[in-house]
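Here are a few exercises to work through with the model open in your viewer. Try each task before you read its solution.

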Amino acid sequence: MEVDLTELAARLTAMIRARSGNPHARVSGLEPLPGHAGVSYRFIYEQDERHGAERAVPLVLRLAPPGVPATGPNDVARQARIMAALSASDPPSGVAVPPILWFDDDPRWLGEPFFVAGFVAGEKPALGERRFAADEMRRCGDAAVATAAALHRLDWHAYRAAFGEPVELRSELDRLARLLDRPTLDSRLIARAPALRERLGAMMPGEARIGCVHGDFQWSNCLFRDGRLAALIDWELAQVGAVLIDLGWLALFSDRESWATDDLVPAWCPSPDELVEGYTLATGEKVDARAMRWFRAFAGYRFGVITAFNLMLHRRGKRPDPMWETFALSGPRLFERGLELLG
């Protein structure tokens with residue numbers, strides 16, 4: 001969908017002037033950011049010298065996708081509340097997120113709900129601009145696991161207002177099944193999905209530790225700088241739920257046997273077993289091997305369903321993004337690998 005950047009910049013300027021109290025604020029260099037999870041732009045916030053020591057600050061604008069309800073993954077104001085809560089935590093949460101400046105559910109400002117965050121400089125090991133070296137990737141792996149452990153250690157009750165009520169695993173399975181129940185999906189891609197869903201339902205872990213969960217904890221959502229995790233981004237799928245959802249998800253994006261291509265699995269990334277070992281050291285809690293296999297299989301099922309659904313939206317012209325054609329090459333393998341993990 002074509003966006004009039006001149007009009008958007010004008011509306012963004014008006015919003016910032018009203019919300020910041022700076023009548024001389026200006027917006028320049030507004031340009032779309034690459035990505036597959038939302039509508040994002042980078043721009044320069046030019047302050048009047050009387051309203052800030054820095055006169056030109058890089059910021060990021062995220063808008064809810066146009067024409068769809070701003071709920072679930074499209075609720076950008078909810079994402080902003082989560083990041084704001086994590087960054088304002090006292091004592092510090094230990095989870096690095098972009099600083100949130102402004103957000104609103106009200107579409108009167110920019111036509112859709114939005115948030116504006118500080119631009120965080122960093123590089124992604126997957127879908128980034130370069131290949132990380134082995135030693136660099138090892139440090140990044142340690143930093144990612146440490147961040148996951150810090151997130152999962154938080155008292156989720158204290159973040160309930162931002163994250164929402166706990167989500168049960170059975171509810172997650174049912175929600176994904178509803179996404180699959182569409183005749184417009186590619187039937188070849190999801191052929192093994194029903195068998196995996198049945199197996200997951202029959203082998204569901206009895207007791208899963210509950211906590212704050214990012215929901216999309218993978219290498220392309222981790223911005224690293226100098227071997228540390230500078231920011232964990234894209235909180236669309238965050239929830240209070242089983243914390244091993246995150247570890248299983250990161251393991252999926254570190255398991256070459258799950259993929260037909262290597263776009264999402266960085267070179268030299270830790271193996272799933274190494275991630276579990278690092279997480280155990282970071283949390284001081286042993287991860288049950290059988291439960292971990294289940295969550296890895298669940299991650300494959302979950303991303304397979306998400307891929308099939310987004311591929312359908314792309315092919316029908318509702319949300320064009322040709323990258324889903326590439327991800328879909330791994331669709332059948334994701335479900336098959338899940339069945340293998342569950343034996």
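**Exercise 1. Find the helix that holds Arg302, decide whether this residue is buried or exposed, and list its contacts beyond four places in sequence.**

Solution. This is a predicted model, so keep that in mind throughout.
- Step 1: look along helix H9, and you'll find Arg302 there.
- Step 2: check the accessibility. Buried means under 20% relative accessible area. Arg302 comes in at 2%, so it counts as buried.
- Step 3: skip the neighbours within four places in sequence and see what is left. Arg302 is in contact with Glu172, Leu176, Gly215, Leu237, Ile245 and Trp249.

**Exercise 2. Take Trp249 and Phe253, and work out how their rings are arranged.**

Solution. 
- Step 1: count the aromatic pairs. A search of the whole structure turns up 14.
- Step 2: pick out Trp249 and Phe253. Their ring centres are 5.4 Å apart and their planes sit at 55 degrees, so call this pair tilted.
- Step 3: ask about burial. Trp249 has 1% relative accessibility and therefore counts as buried. Phe253, at 0%, counts as buried too.

**Exercise 3. Describe the largest cavity: its volume, the helices that line it, and the make-up of its lining.**

Solution. 
- Step 1: search the whole structure for cavities of 30 Å³ or more, and you get one. The volume of the largest cavity is about 50 Å³.
- Step 2: go through the lining, which includes Asp255, Arg296, Gly300 and Arg337.
- Step 3: assign helices. H7 (244–252), H9 (289–315) and H11 (331–341) each supply at least two lining residues. H11 gives the most, with four.
- Step 4: sort the lining by type. There are five nonpolar, three polar and three charged residues.

Technical notes. Residues numbered from 1 in each chain as written. Predicted model: local features only at pLDDT ≥ 70, side-chain atom pairs only at ≥ 80, totals over all residues. Heavy atoms only, no water. 1 Å grid on protein atoms, 1.4 Å probe; cavity = no way out; pocket = protein on both sides within 12 Å on 5 of 7 lines; lining within 4 Å. Points joined across faces, edges and corners; volume = space filled by probe spheres on them. Nonpolar A, V, L, I, M, F, W, Y, C, P; charged D, E, K, R; others polar. Buried < 20%, exposed > 50% of the residue type's maximum accessible area, 1.4 Å probe, protein only. Contact = heavy atoms within 4.5 Å. Phe/Tyr/Trp six-rings, centres within 6.5 Å; stacked < 30°, edge-to-face > 60°.
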